[in-house]
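Thanks for coming. I will go through salt bridges in this one; please look at the model first.

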Protein chains: 2
Amino acid sequence: MNGAESLLKTLIDAGVEVCFSNPGTSEMQFVAAIDNCEGMQPVLALFEGVATGAADGYGRMAEKPAATLLHLGPGLANGMANLHNANRAGTPIVNIVGDHATYHLPFDAPLTSDVNGYSNLVSSWVRVSDSADDLAAAGAEAVVAAMEKAGQIATLIAPADHAWEESQGPAAVLPQPTLEQASDEVIQQAADALRSGEETAIFLGGKALLEPALTVAGRIAEATGVRLVCETFPARMQRGAGRVMVERLPYFGEMAADFLKDFKRIILVGSKSPVSFFAYPGKPSWLSPDDCETTNLAAPGMDVLTALEALAAALDVPAEPARIQPAAVPPIPEDGKLDPMGIGAVVANLMPEQAVVSDEAATCGLTLFPCTAGAAPHDWMMLTGGAIGQGLPLAVGAAVACPDRKVLALQADGSAMYTVQALWTMVREDLDITTVIINNGSYAILNIELQRVGVENAGPKALSMLDLTNPVIDWVSLAEGMGVPSTRATTVQEFHDQLRDAINHKGPRLIEAII
Amino acid sequence: MNGAESLLKTLIDAGVEVCFSNPGTSEMQFVAAIDNCEGMQPVLALFEGVATGAADGYGRMAEKPAATLLHLGPGLANGMANLHNANRAGTPIVNIVGDHATYHLPFDAPLTSDVNGYSNLVSSWVRVSDSADDLAAAGAEAVVAAMEKAGQIATLIAPADHAWEESQGPAAVLPQPTLEQASDEVIQQAADALRSGEETAIFLGGKALLEPALTVAGRIAEATGVRLVCETFPARMQRGAGRVMVERLPYFGEMAADFLKDFKRIILVGSKSPVSFFAYPGKPSWLSPDDCETTNLAAPGMDVLTALEALAAALDVPAEPARIQPAAVPPIPEDGKLDPMGIGAVVANLMPEQAVVSDEAATCGLTLFPCTAGAAPHDWMMLTGGAIGQGLPLAVGAAVACPDRKVLALQADGSAMYTVQALWTMVREDLDITTVIINNGSYAILNIELQRVGVENAGPKALSMLDLTNPVIDWVSLAEGMGVPSTRATTVQEFHDQLRDAINHKGPRLIEAII
């Protein structure tokens, strides 16, 4: 058994079931090994950013790593933007990056690159195998590394000769890592803050936005009146009718600072202190008030659920949470031209139970999120690292992880173009994804940002850099070219009918919503 | 005048005329400044890999740098694969990468990344500005750095506060760097090698494949009988009827080693010693015979033209070169199903004078290159670094650099998907590019490589990873979605008629050639 097959069997033994791939010559041994290894589903992506973004979506939903298979430094580079997002989301991923055979590297052939350097930029753990025998052992370590701190990126660099040489077979699966626990002292500090009677927020992020932790947070809120606030761009939030309501920190720094201005105490749970997404002339980076006291109950990567439970126990809270979201959706507007409110109302009304939403709707997303607060319970995933081109790949990965749930990709046009190749994989794998391309023909957020960074009277060349109407992108034609059955909606009624049909149909569909 | 405007004016003063852009919030000051600075053409790309690949194509043709404008580490990462190719091509490029305001970096906002680390992986020169005043000075240095060694990548990291703060205005343009010259001693060694009477090759790469150097090489060949051989994947080669004929080193290592086996001496001019593109089990990395003596007349980045002229002078060669390529094109096959030979014959027959070819035709390119040897004189550009997704962006950049020349993008389907967004920019800028998508529905090269790395009896999952027919990509629909007038050809006659029409029409066209 060669090194590649040993590694693949080890990954499967360790519970890795899916490999999002875009292989090249140096990864051919892994490709060949897939047929010899029961239990690994290979998913081909036509661009590495799709593969890494899909691994992110898979990891967020499955709470265990998928593998990726990438081709040397440039192949990894193509996937780095979405690995940046995955890093910020705390997603477990095992990247397998092929490299030239060890003895070939000194010859500096055209594809030679500093694979280690590329890997370190987006990975918490990087290792190059020492030999064919070592490849499987390194794989077992990679899976454990990916599960450390509740999820991180582990990159294993596999020289081609280690893949094709004979090995001693699979390595033993290693024990799963344990999560760091909050100290009794910090739990006591948080309890004291909540008993202070001062205006306090629990600022929730990461795994603290999944239902078990949210329910405990809701019980704490019932006992103390604390406000529950979430990160602006959560990796994954369980929300909708019947779940604990959480306020969302606004995106724009001024609005966020205003939102936070009366808080005297903030308790961080799975989140970091709120800071401005970008810097703006004369605006603060730090968003909390100067006199606000912060308690870091459980940093991202720690055991947030147990920390919240310990806090609840210290406070002797009731069994039922406060502020359960009632089922309530906005009325669908009278038929007319489509706008973000109309899209939000239709999505809220038609949201399937246990849908998974991939939200890269940018400016429009600001409206879609509140509109759907009281829709049927669902998971909502956001752009965690700000590197656009996440949404469609994330939907691919979520659909692979959750084949029995409907996935909705709510997607801005500009960002969609970044990793548009994801549409092809949706068809190839017959994934149950309804993609809504919200086409406003511009990088609309940048028109806002242009003013916010202090530009007045932007000229025609500047504005043309934010404009996507020359030429207009015909998303129906584009998506049909990759095999996705697609329609275009220009009115609320059309959008409603098309979304209803798409949701009732199992398999990939795309709706171009013109706003 | 703020730092952004000072930098832009400095770049323009230094001769930079085009900026291939995909900006975000941290680059808005540069976007705004474009309207205040006469002489900078902004070209929007819908993905950074298009911007960097276009800068590569521009630089290869214009022999001076374009700028790119990229958004922090992830934006740069999206452009890194084509910067890898540009690096291998020796192309001058000035990247302007925005970063967070200096004071914002410690807050680790979501898009914070090690921009310096990303930049160093693909740049020969990296600098972060020290202040708004320093930004323009750093820009002047960047242009010089980009022109060093006949072309390299210079990356200037521009923190947002340096862009928006007041500055003292543009910096002075710095003198152009001079190229390193071959020593008299090495010229003498090369002359001795050529006088040895042993089988000798001049191995040409980089600028040695442009007409002035080729003509000198041809004169040396006339005097000495030396064989002229070029790199497998030249950055830019001037060829066709009336130009000096050059043999091309085969791609596959075994064939390359066989090609080289009788040479006793190799003289490198603008190239590195030939090595295998990948490693294969039991096959050598080093391709020249063990008893072959190598003379490095002028390394890539040195003054190759002057070195060849000095060598010619030392040898007292005649005024006219040997082996001028006669005008000769293959006959167009009788009408029938399209194949690479048919495509090659039609392209050769219809090749416009002074066309610029971007060849990322992969397996099919192996046929197209020899077919067009005797076509009308043209420039031929290839995939220099092996990171696929170069071809369409390269065509964009070449067309911007050479608005009066027809650009032909001969493009494999699998690689085309990587940076398919380039089609949109072709329409936006009304570029005179005819794209031929050679659709064989597979990563065909990998089917060959799978066997070459020793895989026997590949299974169905393995083969599915190389297959692009599930679903079939409809390139006409895909390209029309981005506004490119497109047609499909399945016979030689259809392809001939469609290519003739596309060439006679000025502006972007796409032909999907089904093989």
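**Salt bridges and burial**

Start with B:Arg488, which is partly exposed at a relative accessible area of 35%; partly exposed means between the cut-offs for buried, under 20% relative accessible area, and exposed, over 50%, using a 1.4 Å probe and protein chains only.

Before the rest, the conventions. This is a predicted model, where local features need pLDDT of at least 70, side-chain atom pairs count only at pLDDT 80 or more, and totals for chains, interfaces and linings use all residues. Residues are numbered from 1 along each chain as its sequence is written, chains are lettered from A and ligands numbered from 1 in the order in which they are written, and side-chain values use heavy atoms, leaving out hydrogens and water.

A salt bridge here is a side-chain nitrogen of Lys or Arg within 4 Å of a carboxyl oxygen of Asp or Glu. Over all chains, the search finds 56 of them.

The partner of B:Arg488 is B:Glu512, with the closest N and O atoms 2.7 Å apart. B:Glu512 sits in strand 18 (residues 509–514) of chain B and B:Arg488 in strand 17 (residues 486–489), so the pair ties together parts 24 residues apart in sequence. Strands are DSSP runs of E, at least two residues, and helices are runs of H or I, at least four, numbered from the N terminus. B:Glu512 is buried, at 1%.

Next, chain A. A:Arg60 bridges to A:Asp56 at 2.9 Å between the closest N and O atoms. The two are four residues apart in helix 3 (residues 48–62), so about one helical turn separates them. Both A:Arg60 and A:Asp56 are buried.
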